[in-house]
Amino acid sequence: MTGNEIRTRFLEHFASREHLVLPSAPLVPHGDPSTLFISAGMQPLQPYYLGFSRPPAPRLASAQKCLRTGDIEEVGKTERHLTFFEMLGNFAPTGDYFKETAIPLAWELVTKGFGMPPDRLRATVHPSDDAAFEIWTTKTAIRAEHVTRDGTNWWGLGRGPCGPDSEIWWDRGREAGCGQPDCYPDHCARFTEFWNLVLPQYDQRGDLSGPPTTAESINRGIADGALVPLAKPAIDTGMGLERISFILQGKSNVFESDVLAPLVEFVREHSKKPTTLSERIIADHVRAITFCIADGVVPTNEGRGYVLRRLIRRAALHGRNIALSARLSAGAQRTVAMFREHYPELKDRERFITQTIDTETERFARTLEQGMEQFEKVASRGASAVSGADAFRLHDTFGFPLELTRELAAARGLEVDEDGFRAEMAAQRDRSRRATPHRWAVTKDIPRSEFTGYTELTTATKVLAIRKAGDLAQAAAEGDEIEIFLERTPFYAESGGQIGDIGTIDTPSGRVRVEDTQKPLEGTIAHLGTVVTGEVRVGEKADAAVDMKRRRQIMRHHSATHLLHKALRETLGEQVVQKGSWVGPDHTTFDIPLNRAISKDELDRINRRVMEKIREALPFHESIKPYKEAVAQGAMHLFEEKYGDVVRVVCFGDWTCELCGGTHVKNTADIGTAVIVSESSIGSGLRRIDMVVGEAADELVRRERDLLTELAQSFNVSPEQLPQRIEALRGQLKEAERDRAKLRDQLRSARVGGADGLAVKHGRVDYVAETVDAASVEELRAYADRYLERVRSGVVTLVAGDKFVIKVSNDLVPQFDATRLKDFFGTGGGRPHLVSGKLTVPADEAFKRLAEELK
């Protein structure tokens, strides 16, 4: 049974038992800033479990794409560790059924659907879960002695839903484990867990001493009020496709299953010196890379982009180690061929996937070259080990992987201070955490709000909740920084690239200055601000008013991005899609995937096209319709975004329609002037366009016109003549610089020639140790060239101010390495024949040290 057949059989099994099969959500989480990637099958369904959204059906099933990199170092070393995997699951988020149904459903699938022999199956339950034990032993054909009570069968996050779970294991045979006849799951390699049935039946509201491992500890938690039985226990199960595939296919590990083996074979076919570890790492990473890029992630230096960059570079490094002759992108093409039937987006984006991988691997090749130069500087210091700080700097600044530092150091007989490296990494993570913006606690106590801001900017409402320092409060006094939640609100919460509104909330007893508006969870709107007068209380009536002038400028910029998006696709091609945006009152940025700069001519055409549509005064209209219908009718949508079954479609005339929840002008003429200010690279294969419209554009045009007029007057020409005047001045300046360079070269030659017999000293070799008049390191190097021309074979050391240069003739480099002589003078870098740097000792002292070395 192939992996594709296993996935299909799983979904069909639950579809035939009244489960709605959901498509996989993208790897990028929607509306959850607390995590970079989807890492569990139920993660996209959390709003259903928490009661914030109503599920489309009481019973659900899915095959969900997941990515985890927390244990990336273990990939390839064990039979089961992967970064990317598919999680098959069935769910009852609202309590439509519980363990009495979930366990028999699972047993039916594994024994009848998958044909697994009951005698080779094992189950584990929590010691307190008598109900699960009874169901296993009375409602299925498993033998009672094959059901083990295990205290680790508990699931929970420290707060919220939690409870026992029950795992299904496969017996690989006595020879695969310890050989003892009485071993049991979770204590021996003989058994492989492949399906976890999570059975949350409690709400954890207080602290426990640890995960409950016995019935007594659960009873204590209930008695203390830390565990409260849920009114509607839920079901959440997860089965890894890769793991069940290798079991059903009779293989010994996930890399031999048909969902990974073709990629392992690809690496082996194109490697001159393959190793099992590198084959597995490259196969795993290429698959993860392919799915990440297909879901809209591109390599960057932070967040998801950094994770992707690390995966690509780690795969490329292992490819280097085994002399992989094929491109990584060829492995991505094989991945597309393997999975395109179930994930058609892979085929749709195949070209972009391969281009992105090729661009990043080429960039990494250049990085490796720079890193090698830096490593040589570190290794030439004469120390017995590469310090943790140096290893971290090579990694962080030059993208040099620790694995490569370790390999190169070993070749030179050096150790690497890996503890120090890990300490530096931990310090960086701490700095990142401190810089991370506020993340919202997932809690049912946050009330929902009705958004009125599409049609009005002031709304009569009521205060539903107040939070101070993350805790609920009944009132807040003057000076308190709070989050306030309203029954109805015109304030737009930051989402879809549009920033949150600011304004005021007035109650009979006080006023709140709203400084930001955020969306902690779908359907909730948090007004972040400060009580500026009086106090505000829960339950009071209130008047919410958005800053009108600011909002209107934001609306102009947001509408302009829709016009810009369409104009970009017309000019650059339909493959150009939005990869991100920021919409504010002063400007807007728009990010697109493109592996080249946009030319000036293209930018001019794009800007003209936007202005044409503004002048046409295209009317705004919106509609609410089913997602599939909107897409079928051609509405632009972002593949990596997660949409509901019903969506809002925003159109301007019949020229552009997009799925969008933002606020807009009623007519494109309301946008006013639109000016593309800049276009730049923000990462590999990613370009950013910055644009201003409306009042901001008018102010920009005025300022630049004033500046142009002032410049023209200072040069005593008209504005139209400025380019020619500046070009003429640049030509004069270049000519003067050439004349100056000639004169300085003549002066250097004269000084060096006049000093012949005086400057050259004689030791084991001829050498020069002089202080000269030079304004830069480049000029010092030019002096060194002149001296070495006269000495021919020798060492030249020159100082100017706090700078120094050491140059060694090629024939003497094996005896007198400039990178070693550097230590007499100070800090710096370079190659064995030429080093430059900064003096850290007086020049006379440095020259004396050199003379001692060469005497």
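Thr 771 stands opposite Val 799 in strand S33. That pair is a way into a predicted model, in which local features need pLDDT of at least 70, side-chain atom pairs count only at pLDDT 80 or more, and totals for chains, interfaces and linings use all residues. Residues are numbered from 1 along each chain as its sequence is written, and side-chain values use heavy atoms, with hydrogens and water left out.

Start with the strands around Thr 771. S32 and S33 run parallel, joined by six bridges. Two strands count as paired if DSSP finds at least two bridges between them. Strands themselves are DSSP runs of E with at least two residues; helices are runs of H or I with at least four; both are numbered from the N terminus. Strands of a sheet pair through backbone hydrogen bonds, either parallel or antiparallel.

Both senses occur here. S32 and S33 belong to an open sheet of six strands with mixed pairing, in the order S31-S32-S33-S34-S36-S35. At the edges are S31 (760-762) and S35 (826-831), each pairing on one side only. From one strand to the next, the twist averages 20 degrees.

Now step along the sheet. S31 and S32 are antiparallel, over three bridges. They form a hairpin, with three residues between them. His 762 stands opposite Asp 766 in S32.

Touching here means contact, with heavy atoms within 4.5 Å. Axes are lines fitted to C-alpha atoms, for helices over the stretch in contact, and angles run from 0 to 180 degrees between N-to-C directions.

Step back to the whole chain. The protein chain has 23 helices and 36 strands. Its C-alpha trace spans about 105 × 75 × 55 Å along the principal axes. Of the 855 residues, 51% are buried, meaning under 20% relative accessible area with a 1.4 Å probe, protein chains only. Among contacts with a separation of 6 or more, 68% link residues 24 or more positions apart.

Definitions and conventions. Buried means under 20% relative accessible area, exposed over 50%, partly exposed in between (1.4 Å probe, protein chains only).
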